[in-house]
Amino acid sequence: MESDATTRRRSNGTPDGNIVEMGDVQKKGGTNGEIIHERLEYEPTGWLEVTLTRVGSSTGDFMKNNGSAMKTITMFVLNGLVVGFFFGCLYYWLNYSKEPLELCYGFGSLIAFLSIIYFFVIYFLVMKKYFGDWFERTVWTKVDASAGYLWKFTWFRWCFSLAVLVAIAVFLYVDTRDSPERLISLLGLIVLLLLGFVFSASPGRIKWRTVIMGLLLQFVFGLIFIRWDTGRMALQCFSDKVATFLSYGIEGAAFVFGEFLVRTEGVFAFSTLPVIFFFSMLVEVLFFWGALQWFCLKLGHLLRVATSTTVCESVIAVANVFLGQSESALIIKPYLSLLTPSEIHVVMSSGFATVSGTILAAYIAFGAEPAHLVTASVMSAPAALCYAKLMLPETRRSLTTVENIQPVEIEDQSALSAATRGATNGVSLILNIIANLVAFVAFIAFLNGVLGYCGGLLGDPDINLEWIFGKVFIPLCWLMGVPWEECEHVGTLVGLKTVVNEFVAYQRMGEMKKAGLLSPRAELIATYALCGFTNPASAGIMIGAISAMAPSQRETLSSVAVRAFFTGCGICFMTACIAGLLMPEGSFD
């Protein structure tokens, strides 16, 4: 007969899922091989040990039972520290500082920042908490019902639409009297909308409220951020802060790669791309705290009310302003398998029409203006809904409503874990950028070599892709409002962005800008036209990412990918047309 010890030794390797003794440790069998340690029996002895044990237990119970009170005390303490810091800064500014009060710098920026913070604090903790139900019941519900009732009448819709069109026409007539050439951009916008209608999958099913309101919101955003001096200054201030914030990532890059590669030589792979690690980490931390989802959901709800789109469509359009095309899809990941083909088309089109905030630093390093980049992404959010619903209208009943949107399940257990995962996720993003740049730039060089060889046989060895694209896209660039003599240069950039990627296009634009080949107007229109992920590599990335999240939508993705690609191009060109229409001469000299 074998001893009990021998039996225990032989049973340690059994994979049947039973708990197996291993000395003082228990091992739960199965595929995960989870180790479960038995809790040690311990009785505190002595007055000190007993007292400390009781205090620790009572403190934990007190914190658990009085969580709301502790949160209130913490808020008062933090508020006291903030108010004390503010008055300390105010005293210093009044008595010692000689700087003028500017809302974008110094003490003025602190006033602006705290004003925004306290506005939301007062709104959520006071106004919404105590007056929200009353306002929604007495005011908002009645206004919404009245507007919905009036909108049912055809005559009201026509009168409202005509009033808006007349107001815009009067504004444009007055605004462009001294520079009528700006109206060429309006012609380009009309041509793009006509093309969208002609190539629409279901012209008779187009929801014109979505199209008109999306276009109207894009025009309003253009007025605020391009024409209105205060709005433009506010956006310029915001974009400067974004650029400054992203530049802190250079400190980490210099520490790892050295001052010579990062600051002295400014090698792109070592000075610009590592900033993505920093921003990716921040995105994951905000995602863990729920701040990113909350912000996108609130803005998405406003966009849904205005354009009458589904929540998923509105949320993804807003999220693409701040996130990349694959990262933004994570916010609606639980619902991707439920989306209709039209909704999938919106997801892809909005991803193609905007750029990720994680790589803004790369475009800025090439010479693009931060204000233009941020404005282009903001304006493209409503335009994506407008043009995507024009190209592929909804023909099926959506399975996602406002009640279905719930916070996405968070995998990380702490903010530190989220930060680590975010920084690690940046590796794949950076490697993907580098791989695509190397491969596509090499491929373009190969094509240029072949074209040069063929052109040399015909007596013109200078023929290359830039020359061909510059000729092909001349009519499009002229319709967007580019001066005729610069259409070939901008056409080259649009072609490079469409066939290669926006990195190469912005890099080439920076070279043209330094060489004095682009006027401020042509530079502005080119910046807006290039601000999107409409290139073959990005299309592959998006299809692969969404297919991994929702395998059941693989066929749908493949069927709408080409249409979404051209829709994304059209959205970027629409944004460029509105920028060319609203930009007065000399505003950006």
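The model is a predicted one, so local features need pLDDT of at least 70 and side-chain atom pairs count only at pLDDT 80 or more, while totals for chains, interfaces and linings use all residues. Residues are numbered from 1 along each chain as its sequence is written, and side-chain values use heavy atoms, with hydrogens and water left out.

Of the 589 residues, 39% are buried, where buried means under 20% relative accessible area, exposed means over 50% and partly exposed is in between, using a 1.4 Å probe and protein chains only. Contact here means heavy atoms within 4.5 Å. Among contacts in the chain with a separation of 6 or more, 73% join residues 24 or more positions apart.

Next comes the inside of the fold. A nonpolar core is a set of buried Ala, Val, Leu, Ile, Met, Phe, Trp, Tyr and Cys residues joined through side-chain atoms within 4.5 Å. The largest one has 112 residues, and Ile332, Met348, Tyr363, Met480 and Tyr506 touch the most other members. Helix 26 gives the largest share of this core, with 16 residues. In soluble globular proteins, nonpolar side chains tend to be buried together.

Setting aside neighbours within four places in sequence, Met348 is in contact with Met542, Ile543, Ile546, Leu557, Val560, Ala561 and Ala564. Helix 16 packs against helix 25 (residues 536-549) at an angle of about 140°, with the axes 11 Å apart. Axes are lines fitted to C-alpha atoms, for helices over the stretch in contact, and angles run from 0 to 180 degrees between N-to-C directions. The two helices are therefore oblique to each other, since angles under 35 degrees count as roughly parallel, over 145 as roughly antiparallel, 65 to 115 as roughly perpendicular and the rest as oblique. On the helix 16 side, Val347, Met348, Gly351 and Phe352 meet Ser538, Ala539, Met542, Ile543 and Ile546 of helix 25. That contact splits into seven nonpolar, two polar and no charged residues; Ala, Val, Leu, Ile, Met, Phe, Trp, Tyr, Cys and Pro count as nonpolar, Asp, Glu, Lys and Arg as charged, and the others, Gly among them, as polar.

Ser349 also sits in helix 16 (residues 341-353). Ser349 has a relative accessible area of 0%, so this residue is buried. Not counting residues up to four places away in sequence, Ser349 touches Ala388, Ala564, Thr567, Gly568 and Ile571.

Ile571 turns up again where helix 26 meets helix 7, in a contact that also includes Leu215 and Phe219 of helix 7. This contact has 10 nonpolar, three polar and one charged residue. The axes of helix 7 (residues 208-227) and helix 26 (residues 554-582) come within 10 Å and cross at roughly 45°, so this pair is oblique too.

Finally, there is a loop residue to look at. Tyr105 lies between helix 3 (67-95) and helix 4 (106-151), and with 47% relative accessibility Tyr105 counts as partly exposed. Tyr105 is in contact with Asp240 and Lys241, leaving aside neighbours within four places in sequence. Tyr105 and Cys237 are 132 residues apart in sequence, yet 8.7 Å apart in space, C-alpha to C-alpha.

Terms used:
Helices (H or I, at least four residues) and strands (E, at least two) are DSSP runs, numbered from the N terminus.
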